[in-house]
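Q: I would like to learn how to read a protein model step by step. Could we go through it together, taking one kind of feature at a time?

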Amino acid sequence: MRTESSEQRGRKPRDTARRRRWTRQVPAGVVGVAAVSLIALTVSPVNAEPDTRAKPPRGGNPLPAPPQIRDLDFLLGSYTCDYTPPPGGKPAVLKLNTKRAMGGHYLYTDATLEPGSVVGRSSFGWNPVDGTFITQYHDNWGSSGNYTSSGWKDGHLIFKGPLTQVITPNASGQTTGVKLDLKDDYQVLGPGHFKDTTSFTFPDGSTLQGSYDCHRQ
């Protein structure tokens, strides 16, 4: 059984208040959420060419999209998600619009969370070297994250990774925030219907959990 020292008990009200304040300001994150990155291939092998043994689409990308990306097709389209917050939080509504990008190699999700006027973008893709799904996220508050998933297992698609969460947005470009560990647990409940259970682990080891119930429009 875990016990607390007198010093830890003394800090608990302030830490709890800080987490509750953060929960009120940011209703537990934006789904799966990440930034689009374009990297110059400055160190590629001389005369390297893509393997095009898989027949490319007519007039399309010279390298077809990896087949693994189809495991994310459940995200495609426009969704409205009702957010159930952890204790002390406020319900919210998340609007998602996901499309294929870069010849199908990626999915881009544009998201709007209300209340709070949070606008974010996530990019979902497949890392062919490590054999993992990747997600990158950023939003108009300045928060950002990078997550990975090994794929579907027992009906769950779980992404994990670090998130730098802005607590109070500030136009000066300088503000306070907290570094968290994020876990997004996706489950497809039916055609055009999925659930994302989102968990945030704080530096002190405490965790907050909420969930999004998403229906395609």
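Q: In which order do the elements of the protein chain run from the N terminus on?
A: This is a predicted model, and a reading of it can begin with the order of its elements. From the N terminus on, the order is α-β-β-β-β-β-β-β-β-β-β-β, and the secondary structure comes to 1 helix and 11 strands.

Q: How many residues does the protein chain have, and what percentage of them count as buried?
A: The protein chain has 217 residues, of which 40% count as buried. The chain exposes about 12700 Å², and carbon and sulfur atoms supply 52% of that area.

Q: Which strands pair with β9, and in what sense do they run?
A: Strand pairing is read from the bridges between two strands. Strand β8 (residues 156-166) is joined to strand β9 (residues 177-190) by 10 bridges, and these two strands run antiparallel; Val166, for instance, has Gly177 in β9 as its bridge partner. β9 also pairs with strand β10 (residues 193-201) in the antiparallel sense, over 9 bridges, and here Asp184 has Thr198 in β10 as its bridge partner. β9 and β10 form a hairpin with 2 residues between them, and Gly192 in the turn has a positive phi of about 65°.

Q: What should I look for in the backbone angles, and where do Met102 and Asp154 lie?
A: Most residues other than glycine have a negative phi, and most peptide bonds are trans. Met102, although not a glycine, has a positive phi of about 50°; Met102 is found in the loop between β2 (92-101) and β3, and is partly exposed, with a relative accessible area of 43%. Asp154 has a positive phi near 55° and lies in the loop between β7 (152-153) and β8, where Asp154 counts as exposed at 72% relative accessibility.

Q: Which residues does a cis peptide bond join?
A: A cis peptide bond joins Glu114 and Pro115, with omega about 0°, and Pro115 lies in the loop between β3 (106-114) and β4 (118-127).

Methods:
Residues are numbered from 1 along each chain as its sequence is written. This is a predicted model: local features need pLDDT of at least 70, side-chain atom pairs count only at pLDDT 80 or more; totals for chains, interfaces and linings use all residues. Side-chain values use heavy atoms; hydrogens and water are left out. Helices (H or I, at least four residues) and strands (E, at least two) are DSSP runs, numbered from the N terminus. Buried means under 20% relative accessible area, exposed over 50%, partly exposed in between (1.4 Å probe, protein chains only). Accessible areas come from the Shrake-Rupley method with a 1.4 Å probe; for residues, only the protein chains shown count as cover. Two strands pair if DSSP finds at least two bridges between them.
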